[in-house]
Each structure stands twice: as C-alpha cells, then as structure tokens.
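Please consult the sequence and the structure shown below.

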Amino acid sequence: MFPLGHATFGYLLYVPFAWLADYRLPYRLTLASLLVGTQFPDLVDKPLAFVGVLPSGRALGHSVFFAVGLFVALWFVTRRYDCPHLTVPFGFGHVSHVVGDLLLPLVAGQRGDFTFLLYPVLPAPEYPSDGIAPWVRIVRYYSSPELRPELLLVPIALVLFVLVEIRRRRALV
C-alpha cells in the first residue's frame, strides 16, 4: 500500500471508531495527527532502508515493540503539552498502516512474511524494492495508468469526509 492508500484506509477506519466511541472526529490537528500516524511507519523505515541503516522497508517503524515505545512516549509528550487527544488518532493511524500492510497480501491471495512485526527479535523480510529510492517508487506508482485497488478507497473517504464536515458544522450552529 502506498501513502494515499494508507491515509484513506486509516481515515475510513478511524471515523466509525470516533463516531461509535464518541471521540473527536478528524478535523484540523486531530486529522493531521491521524494522517501523520498513517504514514509514520514508512517515514521511519523506507528512507533508513534505502540508505542501508535498516535491513528492510518494513522493519523498525512497523514493529510492535517500536509502536509500544512510541505510543508511551507520545502519550507523555502530548500530556505535557496539554494535547493528549492527539495520541489516539496518531496511534490509530499508525496501527491502521500496519494492518493495511498485513491485509494487502492476504487480500491478493499471497502468503505474506509478517516477521517485521517482531523486528528486531525476528529478522525483517527483504523486499526487492528496498533498493529503490522511496520518492522514485511513489512517482512510478502513481504515474502508472494501472488502476490500483487502494485508489478505490479515495471516493469513499471523500464522501465520508463531507459527511463528517456536515455533522461538524451542524454541531457548531
């Protein structure tokens, strides 16, 4: 899954959660926190794998151990700066990213290698594309005329965004 797919997937999962849990709907900083969370594992892993610091584009940032440490640190930092409400959307986005990476091979009928979840206890799988610069992979991916399944989520997310915005504005009146 690529950036737009991760963002829409995370958004589509978070909005029903926020509605059902009576939590903050994604707007302004909450939306920004969610979107950064949906990209964070790749922002950590892809560049570090490209320069050879990490063994794979799915290693540290995708690891359960890293996620737990990150969430604890984030919780303390956001409490310190009086914005703990940003921890949940960020964490939700981060987890949705990893879930998206897990689901994609399964939906495609492939057997995935999920050892990256327990990195560094288990070795991270290596991918052929790890040697290609992340920005080059993104440009190639989105410039391809081939329809990507994750792009089908975009119109659904846009409709949901409009519905959330309508609800938010009605609440202000």
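## Basis and overall fold

Helices (H or I, at least four residues) and strands (E, at least two) are taken as DSSP runs and numbered from the N terminus. On that basis, the order of elements from the N terminus is α-α-α-α-α-α, which amounts to 6 helices and 0 strands. The radius of gyration is 17 Å, close to the 16 Å given by the globule rule for 173 residues, so the protein is as compact as a globular protein of that length. Here the radius is taken over C-alpha atoms, and the rule is 2.2 Å times the number of residues to the power 0.38.

The model is predicted: local features need pLDDT of at least 70 and side-chain atom pairs count only at pLDDT 80 or more, while totals for chains, interfaces and linings use all residues. Residues are numbered from 1 along each chain as its sequence is written, and side-chain values use heavy atoms, with hydrogens and water left out.

## Dimensions, surface and charge

The C-alpha trace spans about 55 × 45 × 25 Å along its principal axes. The accessible surface comes to about 10,100 Å², and carbon and sulfur atoms account for 71% of it; areas come from the Shrake-Rupley method with a 1.4 Å probe, and for residues only the protein chains shown count as cover.

Of the 173 residues, 42% are buried. Buried means under 20% relative accessible area, exposed over 50%, and partly exposed in between (1.4 Å probe, protein chains only). The mean positions of the 14 positive and 11 negative charges lie 9 Å apart. Lys and Arg count as positive and Asp and Glu as negative, without His and the chain ends; each charge is placed at NZ of Lys, CZ of Arg, CG of Asp or CD of Glu.

## Nonpolar core and contacts

A nonpolar core is a set of buried Ala, Val, Leu, Ile, Met, Phe, Trp, Tyr and Cys residues joined through side-chain atoms within 4.5 Å. The largest such core has 11 residues, among them Tyr11, Leu25, Leu34 and Val164. Two or more residues each come from α1 (3–20), α2 and α6 (153–172), and α1 supplies the largest share, 5 residues.

Contact means heavy atoms within 4.5 Å. Among contacts between residues at least 6 apart in sequence, 66% join residues at least 24 apart. Ser96, in helix α4, is buried at a relative accessible area of 3%. Beyond residues up to four places away in sequence, Ser96 touches Phe9, Gly10, Leu13 and Thr38.

## Loops and backbone geometry

His85 occupies the loop between α3 (64–80) and α4 (87–107) and is buried, with a relative accessible area of 19%. Apart from neighbours within four places in sequence, the contacts of His85 are Tyr23, Arg24 and Thr30. Asp82 belongs to the loop between α3 and α4 and is exposed at 66% relative accessibility.

Most residues other than glycine have a negative phi, and most peptide bonds are trans. Asp82, however, has a positive phi near 55°. Arg28, in the loop between α1 and α2, likewise has a positive phi, of about 50°, and is exposed with a relative accessible area of 63%. The peptide bond from Tyr119 to Pro120 is cis, with omega near 10°; Pro120 is located in the loop between α4 and α5 (134–143).
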